[in-house]
Amino acid sequence: MDYVMRSVRAEEWPQARQLRLDALQDPAAPVAFLDSYEAAVARPDAFWQDRTAAAAEGGDVRQFVAESPEGEWVGTVTVLIERPEDDVRFGLPAEVNQGHLVGVFVRPEVRGAGVTDALFRVAVDWAWSLSAPRLERVRLYVHEKNPRAAAFYRRFGFVPSGQRMPVPGPGPGPGSGAGERRDWELEYVIERG
C-alpha cells in the first residue's frame, strides 16, 4: 500500500473541509455522521480553519488522514481525548481517560485496500502513546443500522461494551410511547492491553 498516514497540518483546512463535505455526501452518511452536508457547507472558512488547527496541534484532538502517492486525501479519522472531569462532547461520560474515534471516512474507491486498517492503527497507536493523560481505552460509536462499519470495528479488535445511546437530534426518545422508536448508537471499545 502506497498511502501515507499522517496528522493534518493547520494550513490544510481547505482539504480537511473538502474531505468532510465528500464524507457527508457518501450514501452511508445518514447513519455514519451526526452532521449534514447542508449544515457543513454553510459553515464559514473560520470554522474550518479553527477545527483543522485544533486537530493539527494535537492537544485533545488529533486528525489523521490517508494520503495517496498523488497527494489526494482518501480517508480520515479523528481522535478526541476524554477525561472523567471533561464536559461530554458525545456519548456517555468518560469513566476513565480514553480516546474517542470520530469522523471515520474512507473514499469508496479505496475501501478494502487496507486504508481503513492503516488509519485505525495510526490513530489507536497515537492514543496509546500518550503519557499525559495515559489512556485506558479507546471507544467509538456506531449506528445500529451500519453493519458494515460494525463488522470492521470488530475485526479490528473493538468489542461492544453493551452501552448504547439514542442518536442525537430530533425524533422520539426511548419510551416516548405511540409506538415510535429512536435509533441507537452502540459503543465499541478496545481496552489497554
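The following dialogue examines how terms are applied to one predicted model.

Biologist: On what basis are residues included here?

Modeller: The model is predicted, so local features need pLDDT of at least 70 and side-chain atom pairs count only at pLDDT 80 or more, while totals for chains, interfaces and linings use all residues. Residues are numbered from 1 along each chain as its sequence is written, and side-chain values use heavy atoms, without hydrogens and water.

Biologist: What makes up the secondary structure of the protein chain?

Modeller: Helices (H or I, at least four residues) and strands (E, at least two) are DSSP runs, numbered from the N terminus. By that definition the protein chain has six helices and seven strands. Their order from the N terminus is β-α-α-α-α-β-β-β-α-β-α-β-β.

Biologist: Why is the protein chain called as compact as a globular protein of that length?

Modeller: The radius of gyration is taken over C-alpha atoms, and the globule rule is 2.2 Å times the number of residues to the power 0.38. For 193 residues the rule gives 16 Å, and the protein chain has 17 Å, which is close; therefore it is as compact as a globular protein of that length.

Biologist: Why are β1 and β6 said to stand at the edges?

Modeller: Two strands pair if DSSP finds at least two bridges between them. The open sheet has the order β1-β2-β3-β4-β5-β7-β6, with mixed pairing. Each of β1 (4-7) and β6 (159-166) has a single partner strand, so one side of each is left without a neighbour in the sheet. How many bridges join β6 and β7? There are five, in the antiparallel sense, and thus the pair meets the requirement of at least two.

Biologist: What makes a set of residues a nonpolar core?

Modeller: Such a core consists of buried Ala, Val, Leu, Ile, Met, Phe, Trp, Tyr and Cys residues joined through side-chain atoms within 4.5 Å. Buried means under 20% relative accessible area (exposed is over 50%, partly exposed in between; 1.4 Å probe, protein chains only). The largest such core has 30 residues, and Val79, Leu101 and Phe158 are among those with the most contacts inside it. Of the elements, α5 gives the most to this core, namely eight residues. Apart from it lies another core of 17 residues, including Trp48 and Trp73.

Biologist: Which residues is Phe158 in contact with, its neighbours within four places in sequence aside?

Modeller: Contact means heavy atoms within 4.5 Å. By that cut-off, the partners of Phe158 include Leu101, Phe120, Tyr153 and Ile190.
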